Amino acid sequence: MTTQIETDEHKALRAAVATLGAKYGRDYITRTIAEGRPPTELWQEAGKLGYLGVNLPEEYGGGGSGIAELSIVLEELGAAGSPLLMLVVSPAICGTVIARFGTEEQKRTWLPGLSDGSRLMAFGITEPDAGSNSHRITTTARRDPASGDWLLTGRKVFISGVDLADAVLVVGRTEDARTGRLKPCLFIVPTDAEGFHKQPIDMELNAAEKQFELTLDDVRLPADALVGDEDAGLLQLFAGLNPERIMTAAFAIGMGRYALSKAIEYARDRTVWKAPIGAHQAIAHPLAQAHIDLELARLMMQKAAHLYDAGDDIGAGEAANMAKYAAGEACVRAVDQAVHTLGGNGLTREFGLASLITAARVARIAPVSREMILNYVSHQTLGLPKSY
């Protein structure tokens, strides 16, 4: 008896998305970056083909599948050199949270647009003074006793695609009336709300999607801007963070595959002395190892997506962290080896690999550092004492 790793439907999805990615490719992404604009054409076509909302419920315009399918979309676009970073944010995090915990009105308002790409939502959790410690989030929401509205105040940093978004799903905190302690809650904040200010961050990272710092100055929100149950904020938050880690793994694996493919092509064709350089083990073996590392990372990503789609949030949390760690490390090594294989050509604009050196680091840093993942595995999986 044999076990099929991917279904025929998944294989067909990979092939179809790969075709779309090849239509645009790395040159398209590079051009949009040079022009200072987002990859709108690719985003819109992916939306029309049903790829953006493949994980969202059919009754709201989605494909009715899961994170496993959405991760395939992002990986294959990345492998073609044309990844869409906002796939991690808009349908994977925000769409998932709203689909699982939003009110019927929130679902009707947001999910069809997130599915077809006509609307886009950013995600705001990171703060200047909180870093990896989400318990130190200071963005707070308080009730206006006269109207029942929420008043949201705080700051966020490194928030992707705010200039493209219709709203930001903001992680804030509210005071528990019983204990007086602050508890996490999620709010849908329109980007045109009064008191909502965005400032682009000057990044060395050369990407089509910009990063922003947000200032929320008593942003007034209606009572129904709160997503889900006020007392279930932590559960809802992790429902978004697990897909974020899985999709970051897909982003990294796709990037690593793209870089590796360019190196393999070069190693086959580049002849020094009497044979292609790929005939030498000093070139061939590191490329083979990079391929193995990417394949192993993909297997863990598939496990994490399977567990998440099956409703096992605890199991998915462990696997998603491991997948993100493995994919980030594999991506950095693959990009580094690809550049090294090309030698001086690896640093030229013509071959387009040098810019991936910076981009590959993102998967090690965001959305959670590799050190925090090792902390998680140390005390959650191995049962070792907590160090912080």
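Author: Let's start with a term: a disulfide here is a pair of cysteine sulfur atoms within 2.5 Å. By that rule, this structure has zero disulfides. Take C185: its sulfur lies 16 Å from the closest cysteine sulfur, that of C94, which is too far for a bond. C185 is also buried, at a relative accessible area of 1%; buried means under 20%, exposed over 50% and partly exposed in between, using a 1.4 Å probe and protein chains only. Another cysteine, C331, is buried too, with 0%.

A word on what you are looking at: this is a predicted model, in which local features need pLDDT of at least 70 and side-chain atom pairs count only at pLDDT 80 or more, while totals for chains, interfaces and linings use all residues. Residues are numbered from 1 along each chain as its sequence is written, and side-chain values use heavy atoms, leaving out hydrogens and water.

Helices are DSSP runs of H or I with at least four residues, strands are E runs of at least two, and both are numbered from the N terminus. From its first C-alpha to its last, α8 reaches 42 Å with its 30 residues, close to the 44 Å expected at 1.5 Å a residue (1.5 Å times one less than the number of residues). Of those 30 residues, 21 are buried, so α8 is largely enclosed by the rest of the structure. After the helix comes G343, with a positive phi near 60 degrees.

With a relative accessibility of 0%, A316 counts as buried. Setting aside residues up to four places away in sequence, A316 touches N242, A304, L307 and Y308, where contact means heavy atoms within 4.5 Å.

Helix α8 also has a partner, α10 (residues 370–381): their axes come within 10 Å and cross at roughly 145 degrees. Axes are lines fitted to C-alpha atoms, for helices over the stretch in contact, with angles from 0 to 180 degrees between N-to-C directions. On the α8 side, the meeting residues include G317, M322 and Y325, and on the α10 side I373, L374 and V377 are among them. In total, the residues of this contact divide into six nonpolar, three polar and four charged; Ala, Val, Leu, Ile, Met, Phe, Trp, Tyr, Cys and Pro count as nonpolar, Asp, Glu, Lys and Arg as charged, and the others, Gly among them, as polar.
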